[in-house]
Amino acid sequence: MSDPLLRVERVSKSYGDEQVLREISFEMDRGDVTVLIGPSGSGKSTMLRCVNRLTEVDSGEIYLDGERVTGPDVDVNELRRQVGMVFQDFNLFAHLTARGNVMLGPRQVLGLSKEEARRRADEQLALVGLADQADSYPAELSGGQKQRVGIARALAMEPKLMLFDEPTSALDPELIGEVLEVMRDLVERGMTMLVVTHEMSFARSVASEIMFLDGGRIVERGPPEQLFERPEHDRTATFLRRITQLHS
Amino acid sequence: MTGVELPPIALQQASDWAFVWENSGYLFAGTALTIALTVASVLLGFFVGFPAGVVEVYGGRASRGLVETVGVVLRGTPIVVILIFMYFVFPTPDLTIGVLGVTASLSGAFLAGVLGLGLRSAAYQSQIFRGALQSVDEGQMEAARSIGMDKLASIRHVVVPQALRRSVPGFQNEVTIVLKDTSVVFAIGLAELLTRSYDLFVVRTTAVLEILLFASAIYFVLTFTTNRALDLVSARYAIPGGESA
Ligand SMILES: Nc1ncnc2c1ncn2[C@@H]1O[C@H](COP(=O)(O)OP(=O)(O)O)[C@@H](O)[C@H]1O
Ligand SMILES: [Mg+2]
């Protein structure tokens, strides 16, 4: 198939007078890792949330696997089971164990039996290195462990595309590595990933493309080497310099 | 001053306590009515108030408006008025129910009492649950929606279990308030614990203090045991490590 997995066409979104996304267009093929960077408030989260329709676009179209996902007649729950999302502040279900968090979707959405859901949850937890924490509750886990459960929870739905919204921004520095490691594994397994992050060395090593968003526009995009070595715009260069200093 | 020779104070108290003791059966029967009214009203209040709270938080504009309006009216009307309304304006028929060969007769007054106290409690309980539902972080709902759960399933499996845990303290208060408010059913001719205490000390005015102490002790035992029981339920379902996610 030559269809891209994700196609975003001229997507715009405003909150009141503030135009947050201005005619954003991009595509991702299967296995692509696209990293979105940009200053706070530039619309990165909004862009991600439009893809799984936690936020509705004002205009423009989004296609997943050739199917239009914007539009009133689309089953958003069906869309969301194909698109996993990982949140900055984890949002684990506070009343459920790690296993319970991962099982809930397969049970309630995919209709798996308890045993099947449990098996799938334990597989996913093992893949993120948390086999031994399956019975722990979120409040008993470290930030890094929570985020890995969050990733396992999304993966248990066997999504076609994963969205990561600053998955390491809420973590203590020493816990960032374990989450990035899990994400690297995922890249190696061929997952298509749209990632908002300021971990530049991670972006540099895994991204197929980096997009620099500012003021609701894609100011510049390209493979990591190009953006890091030969940015075309001053704004990109300034931003990258600042962010690299901040994180070193 | 001549007139009746009062016995020495200690003796008199002893005989007043004896009076309480002689009539304890009468007071315990009132206690049974108090308990029956409280349990039935709190349950009715829960099964109406909980969905009402859910509608207030997640309902559409019309259903929310309706529930909010009914709630404001119920909370703004004196309970005696509600009871009289239930009993005299919309008379509740006597009811005989049979379950598994056991039949019970419920008087119209009792049913009116339960309806009045229960619906008013529902109006207050809806606010307890509304607050608890709103206190659950929005991210919980978003995470549930993000894995493809519909709104109802997300409410049911993610928000409600956390909200219920946070409702316990408010619910404990509400049970205590309903327990003490059952006394207003005297307005529709029912005699529960406090009404019966009143009946007794009208007969024997020297025993006012003893009778009230006795009745208060019963209220205290009832309040204390329900609160303890709910504490235990709360501890049993407490989330290990706390509620942060
Ligand atoms: N639900 C919302 N209501 C109003 N304004 C919002 C909402 N979500 C985001 N915004 C605004 O949109 C802009 C972009 O936000 P966001 O996409 O979160 O940026 P980023 O993730 O790049 O920091 C910000 O100015 C933010 O205040
Ligand atoms: Mg953001």
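**Ligand site and chain interface**

Analyst: Let's begin at the ligand: an oxygen atom of ligand 1 sits 3.2 Å from a backbone N or O atom of A:Ser42. Keep in mind that this is a predicted model.

User: What about A:Gly41, how far is its polar backbone atom from an oxygen atom of ligand 1?
Analyst: That distance is 2.7 Å.

User: And which residue has an N or O atom in its side chain 2.4 Å from an oxygen atom of ligand 1?
Analyst: A:Thr46 does, through its side chain. As for cover, ligand 1 on its own has 560 Å² of accessible area, and the protein covers 60% of that.

User: Which residues surround ligand 1?
Analyst: The list runs A:Tyr15, A:Glu18, A:Val20, A:Pro39, A:Ser40, A:Gly41, A:Ser42, A:Gly43, A:Lys44, A:Ser45 and A:Thr46. By type, that shell splits into 6 polar, 3 nonpolar and 2 charged residues.

User: Which elements each supply at least two residues of that shell?
Analyst: In chain A, they are β2 (18-28) and α1 (44-51). α1(A) gives the most, with 3 residues.

User: OK, switching to the two chains. How many residues are in contact between chain A and chain B?
Analyst: On the chain A side there are 28 residues, in contact with 24 residues of chain B. Together the chains bury about 2100 Å², and 60% of that is on carbon and sulfur atoms.

User: Which residues of chain A lose the most area to chain B?
Analyst: A:Phe93, A:Ala94 and A:His95, which together make up 26% of what the chain A side buries.

User: How many salt bridges does the rule find across that interface?
Analyst: The rule finds 1. It pairs A:Arg49 with B:Glu142, and their closest N and O atoms are 2.6 Å apart.

User: And how many residue pairs are in polar contact?
Analyst: The count between chain A and chain B is 7, with both residues at pLDDT 80 or more.

User: Which elements of chain A give two or more residues to the side that touches chain B?
Analyst: Those are α2 (76-82), β6 (83-86), α3 (98-108) and α5 (143-155). α2(A) has the largest share, 4 residues.

User: Last one: how do the residues on that side of chain A divide by type?
Analyst: You get 15 nonpolar, 7 charged and 6 polar residues on the side of chain A that touches chain B.

Technical notes:
Residues numbered from 1 in each chain as written. Chains lettered and ligands numbered in written order. Predicted model: local features only at pLDDT ≥ 70, side-chain atom pairs only at ≥ 80, totals over all residues. Heavy atoms only, no water. Contact = heavy atoms within 4.5 Å. Buried area = accessible area lost by both parts, 1.4 Å probe. Salt bridge = Lys/Arg side-chain N within 4 Å of Asp/Glu carboxyl O. Polar contact = N/O pair within 3.5 Å; in protein donor to acceptor, adjacent residues only side chain to side chain. Nonpolar A, V, L, I, M, F, W, Y, C, P; charged D, E, K, R; others polar. Near = heavy atom within 4 Å. Areas by Shrake-Rupley, 256 points an atom, 1.4 Å probe, with all protein chains shown as cover.
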